[in-house]
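The sequence and structure come first, and the description follows.

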Amino acid sequence: MVPETGILENDYYIKEWELPEGLILFNGDGHTWLAFDYRDATSAPPIVYVDVDLEQTIQIADSFDEFLKNLYLENEEFDFEGMEVRVYSKQEFETFIQEDNVEELIYAIPDLAQGDVDLKWFGNQLLTLSNYHDRFVRSWVATSVWNSLTYRLDEEILHSLIENFKMDVDSEVRMMAELILEKVNYSFEQLKEDVYNGERVSLAFQDKLYHIIEESNQWHLADYETETQQSFDSADELLEKSRIDGKSLQEGWSHIKKAY
């Protein structure tokens, strides 16, 4: 898709290439496309690959989260020894902003977002960058908030970021605002639907992550940090009997957030 127009050109490409209605295209060159498939979904759509020439539409992931996870290949034999891991300091990051160093900002934003960072400081930096002149920087800010920070940032800063993203001139940044809001407004009813559909869901409670997984005809609420899990014979049993901080998921839902 044309970077300057992005998702706003969706209807044009659907008609131009005679694609199925209900697809939201996010990458493609005309002959092949990647798209959110909303034909049978109102939220959390599957991801499809469309080959126009072969007249094929193939589902490649049950959700965008799964699609992102599948972009990474696991290789147990990969040797990380000797690899340099860049650690950005507050001073360096603020200098990148002052010097208008777009290239370094694009590398540093996602790295800091996924690391152990001063969230109050970083949130304020992202708030500044959400109005930055370079759209790629703004896009990385929005993507990093959606991917790693929705459940971690101070609510006031998060909602200020969302408002800025919603008003951005770039359609891709505005789309990220909608995806962030989906996480923020994720309901217990949506959780139930995802669990019944066998989707993996990650929840956050007080900066601690819990993962709901269906495996070998059992449903698990796993805590990877303590390497413990609660296991159940059905989705209903997990939803009713699993506990976070001594409360059922429904009882404690007002303090639980969707992480991934």
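## Salt bridges and nonpolar cores

K90 has a relative accessible area of 41% and is partly exposed, a class lying between buried (under 20% relative accessible area) and exposed (over 50%), computed with a 1.4 Å probe on protein chains only. The model is predicted, so local features need pLDDT of at least 70 and side-chain atom pairs count only at pLDDT 80 or more, while totals for chains, interfaces and linings use all residues. Residues are numbered from 1 along each chain as its sequence is written, and side-chain values use heavy atoms, with hydrogens and water left out.

K90 sits in helix α3; helices (H or I, at least four residues) and strands (E, at least two) are DSSP runs numbered from the N terminus. Leaving out residues up to four places away in sequence, K90 touches D118 and W121, where contact means heavy atoms within 4.5 Å. The C-alpha atoms of K90 and V117 are 9.1 Å apart, although 27 residues separate the two along the chain.

K90 also forms a salt bridge with D118, that is, a side-chain nitrogen of Lys or Arg within 4 Å of a carboxyl oxygen of Asp or Glu. This pair links distant parts of the chain, since D118 lies in the loop between α4 and α5, 28 residues from K90. D118 is partly exposed at 34% relative accessibility. The whole structure has 10 salt bridges, including these:

| Salt bridge | N to O distance |
|---|---|
| R39 and D37 | 2.9 Å |
| D118 and K90 | 2.8 Å |
| E189 and K192 | 3.9 Å |

R39 is partly exposed at 39% relative accessibility, whereas D37, at 9%, is buried. E189 and K192 are 3 residues apart in helix α9 (residues 188-196), which means about one helical turn separates them. K192 is partly exposed at 23% relative accessibility.

A nonpolar core is a set of buried Ala, Val, Leu, Ile, Met, Phe, Trp, Tyr and Cys residues joined through side-chain atoms within 4.5 Å. The largest one holds 40 residues, of which F93, L105, F122, L129, V145 and F165 touch the most other members. Elements that each supply at least two residues of this core include β2 (32-37), α3 (90-98), α6 (135-149) and α8 (171-184). Another core, of 19 residues, lies apart from it, with L221, A235, L239 and W253 among its members.

Neighbours within four places in sequence aside, F165 is in contact with S130, V141, A142, V145, V173, R174, A177 and I180.
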